[in-house]
Amino acid sequence: ALNREIPYYEGSGEIDKLKDVRDVGYAVAFVTGIVLFVVILLSSAVFKHNSELASSLQLIAFLAIAQHYYVFQQMILRSHSLFSLMSRQQFLFSLLSFLVVVPATKFFAFSGFIVGQIIAIVLCLLFVLFKIPLKFALNFDFKKALELSRIGFPIMMVGVTFGLLQTTDRF
């Protein structure tokens, strides 16, 4: 929904509404990211008898939250038509994947892969934050969040359906 609402408010000059929508989107992303992190972290406790699986899940919890914010940041860049910065971030991620993730995987197997991904994503997030220091506020307006979900949910379902239809023959 933010990909639709932010450009609309930006184009109409309604900067206060733009900030409100962006802050609500950030609050929702922040809360869902923390919930995702906690759920994965707690699920690792179920596998305490298998320390390798438990520690892998703990690393994946950090990867999930990093990826969650990376996707949110990509959406914000797309919403503000900052495609040049978005492409530089993607290039940096590709470069870091080669320079960090591949060697980490070679030396530390699966754990190295996860930690390498976390490092690459965090560096990409920091790269964008230094280029354009966007300021967000944790403004969780439930009514506005519900309104945004009414806009975004059908858009998301179309994307999911399209993805499923494109890959059905592979199953």
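**Terms and their grounds**

Tutor: In this predicted model, α3 and α4 are roughly antiparallel to each other.

Student: Why are α3 and α4 called roughly antiparallel?

Tutor: The axes of helix α3 (residues 51-79) and helix α4 (residues 83-131) come within 10 Å and cross at roughly 165°. Angles over 145 degrees count as roughly antiparallel, and the pair is therefore given that name.

Student: What makes α2 and α3 roughly antiparallel?

Tutor: The axes of α2 and α3 come within 8 Å and cross at roughly 170°; with the cut-off set at over 145 degrees, α2 and α3 are therefore roughly antiparallel as well. The contact of α2 with α3 is made of 18 nonpolar, 7 polar and 1 charged residues.

Student: What makes the phi of S81 worth a remark?

Tutor: Most residues other than glycine have a negative phi. S81, which is not a glycine, has a positive phi of about 55°, and this residue lies in the loop between α3 and α4. A109, also not a glycine, has a positive phi of about 55°, but A109 lies in helix α4.

Student: Which residues form the nonpolar patch on the surface?

Tutor: The patch is formed by F30, V31, I34, V35, V38, V39 and L42, with about 560 Å² of accessible area together. Membership requires over 30% relative accessible area, and nonpolar side chains are joined within 5 Å. One of these residues, V39, is found in helix α2 (residues 15-46).

Methods
Residues are numbered from 1 along each chain as its sequence is written. This is a predicted model: local features need pLDDT of at least 70, side-chain atom pairs count only at pLDDT 80 or more; totals for chains, interfaces and linings use all residues. Side-chain values use heavy atoms; hydrogens and water are left out. Patches are made of residues with over 30% relative accessible area and no salt bridge: like charges are joined within 9 Å, nonpolar side chains (Val, Leu, Ile, Met, Phe, Trp, Tyr) within 5 Å. Accessible areas come from the Shrake-Rupley method with a 1.4 Å probe; for residues, only the protein chains shown count as cover. A salt bridge is a side-chain nitrogen of Lys or Arg within 4 Å of a carboxyl oxygen of Asp or Glu. Helices (H or I, at least four residues) and strands (E, at least two) are DSSP runs, numbered from the N terminus. Axes are lines fitted to C-alpha atoms, for helices over the stretch in contact, and angles run from 0 to 180 degrees between N-to-C directions. Angles under 35 degrees count as roughly parallel, over 145 as roughly antiparallel, 65 to 115 as roughly perpendicular and the rest as oblique. Ala, Val, Leu, Ile, Met, Phe, Trp, Tyr, Cys and Pro count as nonpolar, Asp, Glu, Lys and Arg as charged, and the others, Gly among them, as polar.
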